[in-house]
Amino acid sequence: MAYEIRAFKLSDKPQILEIARRTWGGHDHLPHVIDKWIADPNSHLYVMDHESRVVSVANLKVIEAGRTGWMEGLRVHPRYRKRGLGALMTQHVVKVGSDLGVERLRLTAALDNRPSLKLAREIGMSERFRMSVLWKGVSEARAWKHESVPIRKIDSDRTFDALREAVDLLPGNVVVYYWYALDATQENLREIGKVADFWEGRREGRTVSVSVGLAAEEGDERLWSCTIYAIDLDAFLSNLSHHLQLAKQLKLPGLMCIHQLAFEAAYKQVAWLKRGGHRMRLGLFEKQLFSRSG
Ligand SMILES: CC(C)(COP(=O)(O)OP(=O)(O)OC[C@H]1O[C@@H](n2cnc3c(N)ncnc32)[C@H](O)[C@@H]1OP(=O)(O)O)[C@@H](O)C(=O)NCCC(=O)NCCS
């Protein structure tokens, strides 16, 4: 009973959506992005067939002018897990990236996703850095506000300058936004600016926080996803408070906040952060394939 990996065909879509529906209790963002992958000439979408049935899917998106192969969307149908199929798909994607000549492969994964981490390590990926992720219902915050640092919206070019001024704000000089991550080059920030917005917090004439935010959907759930980089807790909470207000204005029920590990301290200090919600840590994994010439 052979398993065959082949390029995606439009007729596979319903079966892929079915796999997503059975993943993470239906909170999978794949159904909301699959049409973009299908339409994107830089996306290389593969499925695994078994007895005329799609049992797995994975995408490799070539980004950063061909430099990076972004690995995403690996799913194995729950009934077919733990048979080595995830490993076969992962190895296939590595070969595709290698054949396309990308310099490196990257992915983000939840650090509590043991099979995912195993797969990343098996192909020789190493963890560049990790971030904390917090999901909370917006209504839980009630009237909470923290406004000691003024926050203003900025464009992608100002973001580039702010990040250069506030050195060491970004781990690995990489901007994480939602489940994605890009090096903080001017070009990449402009790319991110097409799907997200940026904000800056300034205290005494210097940048003390930079954030990126966008609306997203996971299953039936709509949420506001923000990543906040800050130099201290006060700067972090001011930026978080701003994003909470944005989520409220947009009537989005959920907030997903990605932040430096140090601000997990806020979970003990701020009343509405103490209760419930979902927390995890996210890692950026990377495998170098070729080194840049010239
Ligand atoms: C992650 C996923 C793709 C793995 O697929 P899979 O076909 O079950 O993976 P494999 O059978 O190839 O297993 C890979 C490794 O993980 C281990 N593993 C699999 N499931 C595991 C589990 N639940 N807990 C711990 N280890 C697990 C396997 O033992 C194997 O390790 P080994 O080579 O040392 O034996 C699948 O679990 C899945 O679709 N999960 C939901 C979506 C997801 O998390 N996608 C990846 C994140 S982007």
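Predicted model: local features only at pLDDT ≥ 70, side-chain atom pairs only at ≥ 80, totals over all residues.
Residues are numbered from 1 along each chain as its sequence is written. Local features need pLDDT of at least 70, side-chain atom pairs count only at pLDDT 80 or more, and totals for chains, interfaces and linings use all residues.

Student: Which residues of helix α2 are buried?
Tutor: A residue is buried if 20 or more other C-beta atoms, placed from the backbone, lie within 10 Å of its own, and exposed if 12 or fewer. Helices (H or I, at least four residues) and strands (E, at least two) are DSSP runs, numbered from the N terminus. In α2, residues 30-39, the buried ones are Leu30, Ile34 and Trp37.

Student: Why do they lie on the same side of α2?
Tutor: The arc is that of the directions from the helix axis to the C-beta atoms. They share a side because they cover an arc of only 70°.

Student: Which exposed residues does the face turned away carry?
Tutor: The buried residues of α2 pack against α1 (13-21), β2 (43-50), β3 (53-63) and β4, with contact meaning C-beta atoms within 7 Å. The face turned away from that buried side carries Asp35, Lys36 and Ala39.

Student: Which element gives the largest share of the shell around the ligand?
Tutor: The shell has 18 residues, near meaning a C-beta atom, placed from the backbone, within 6 Å. β4 (68-76), α3 (85-100) and α4 (114-122) each give two or more. The largest share, 5 residues, comes from α4.

Student: What separates the centres of domain 1 and domain 2?
Tutor: The bounds, from an automatic or database domain assignment, are 3-102 for domain 1 and 132-284 for domain 2. Taken over C-alpha atoms, the separation is 29 Å.

Key:
Contact = placed C-beta atoms within 7 Å.
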